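Q: Please take a close look at a single part of the structure shown below. One connected account will do.

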Amino acid sequence: MEVRSRNPLVDMTMMRVRGVWTVNLAAFLLGAGLYAWFLLLPQLAQLPVSTGFGYGASVVAAGLYLLPCALGMGVLGTLAGRIERRFGSRRALVAGASVSAAACGWLALTSRHPYDMLLCSTLLGVGLGLAFAALGNLIVQAVPAHQTGVASGMNTVLRTLGGALGGQLAATFVAASTAGGLPALTGFTQTFAMSALFLVGCVIAGLLVPARTPPVTSLQTVASSETV
């Protein structure tokens, strides 16, 4: 319907622009990889020590495992402007997704000690701080000024859809793997490995994002030139 409408809510022409669809794909994969991690971390921390891999943490202590991630995001978020000017948003996105993938890969290999979770939480904070800021910059650079609101909104929607997919897959893995009425380590390991794969896909999508181009004034012109 949006394609046929004379006054569409979302100009679907932008979805054909390489600078837009690659960033949207990266946002979707980033959301799928990271939301699954955020969903399972408190559960893993609160599982009894008797399981052999749970930390037996209280609700408050489980939340503190996310504190390094929040601090890392805060620090990198404040430096986003300097990083963009020196290295470019494309490199920041690739670097952020790579660090996040490494963190999830680490947990897929070992998560039996609290310091594993704290280390990975810190790395994810760094990765998220880089990647989230880069996504916003890249999508704004790819569209005309009057389309930045719609393009940014679509990018956020796709990241949320990715998160919904990752969350559902994580819940499926954990529910399918139980022992004695409690989640087994297998479900968590599979989810962390899945998150790492999604984030590797985000790295690839980031590499497909075109290098910085002159300001875009017309979506139709860009879309037509890229389909020729």
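A: In helix H1, the residues Val20, Val23, Asn24, Ala26, Ala27, Leu30, Leu34, Trp37, Phe38, Leu41 and Leu44 meet Met117, Ser121, Leu124, Leu128, Ala131, Phe132, Leu135, Leu138 and Ile139 of helix H6, where contact means heavy atoms within 4.5 Å. By class, this contact of H1 with H6 has 18 nonpolar, two polar and no charged residues. Ala, Val, Leu, Ile, Met, Phe, Trp, Tyr, Cys and Pro count as nonpolar, Asp, Glu, Lys and Arg as charged, and the others, Gly among them, as polar.

The model is a predicted one, in which local features need pLDDT of at least 70 and side-chain atom pairs count only at pLDDT 80 or more, while totals for chains, interfaces and linings use all residues. Residues are numbered from 1 along each chain as its sequence is written, and side-chain values use heavy atoms, with hydrogens and water left out.

Two packed helices are described by the angle between their axes and the distance between the axes. H1 covers residues 18-46 and H6 residues 114-141; they pack at an angle of about 155°, with their axes 11 Å apart. H1 is therefore roughly antiparallel to H6, a label for angles over 145 degrees. Axes are lines fitted to C-alpha atoms, for helices over the stretch in contact, and angles run from 0 to 180 degrees between N-to-C directions. H1 passes H6 in a left-handed crossing, that is, the near helix is turned anticlockwise from the far one by less than a right angle.

Ser121 is one of the H6 residues in this contact. Because its relative accessibility is 0%, Ser121 counts as buried, the cut-off being under 20% relative accessible area (1.4 Å probe, protein chains only). A polar atom of the Ser121 side chain lies 2.8 Å from the backbone oxygen of Tyr65. The backbone nitrogen of Cys69 lies 3.1 Å from a polar atom of that Ser121 side chain. Neighbours within four places in sequence aside, Ser121 is in contact with Trp37, Tyr65, Leu66, Pro68 and Cys69. Of these, Trp37 is also listed among the H1 residues that meet H6.

H1 has another packed partner, helix H8 (residues 185-208), at an angle of about 160° and with the axes 8 Å apart. That angle makes H1 roughly antiparallel to H8. H1 passes H8 in a left-handed crossing. The residues of the contact of H1 with H8 divide into 18 nonpolar, six polar and one charged.

H8 in turn packs with H5, at about 165° and with the axes 8 Å apart. These two helices are therefore roughly antiparallel to each other, and the crossing of H5 and H8 is left-handed. Among the residues that make the contact are Arg90, Leu93, Val94 and Ala97 of H5 and Val200, Val203, Gly206 and Leu207 of H8. The contact of H5 with H8 divides into 15 nonpolar, six polar and one charged residues. Arg91, found in H5 (residues 89-109), counts as exposed because its relative accessibility is 58%, the cut-off being over 50%.

Helices (H or I, at least four residues) and strands (E, at least two) are DSSP runs, numbered from the N terminus. Of the 228 residues, 45% count as buried.

Note on methods: Parallel < 35°, antiparallel > 145°, perpendicular 65-115°, else oblique. Polar contact = N/O pair within 3.5 Å; in protein donor to acceptor, adjacent residues only side chain to side chain.
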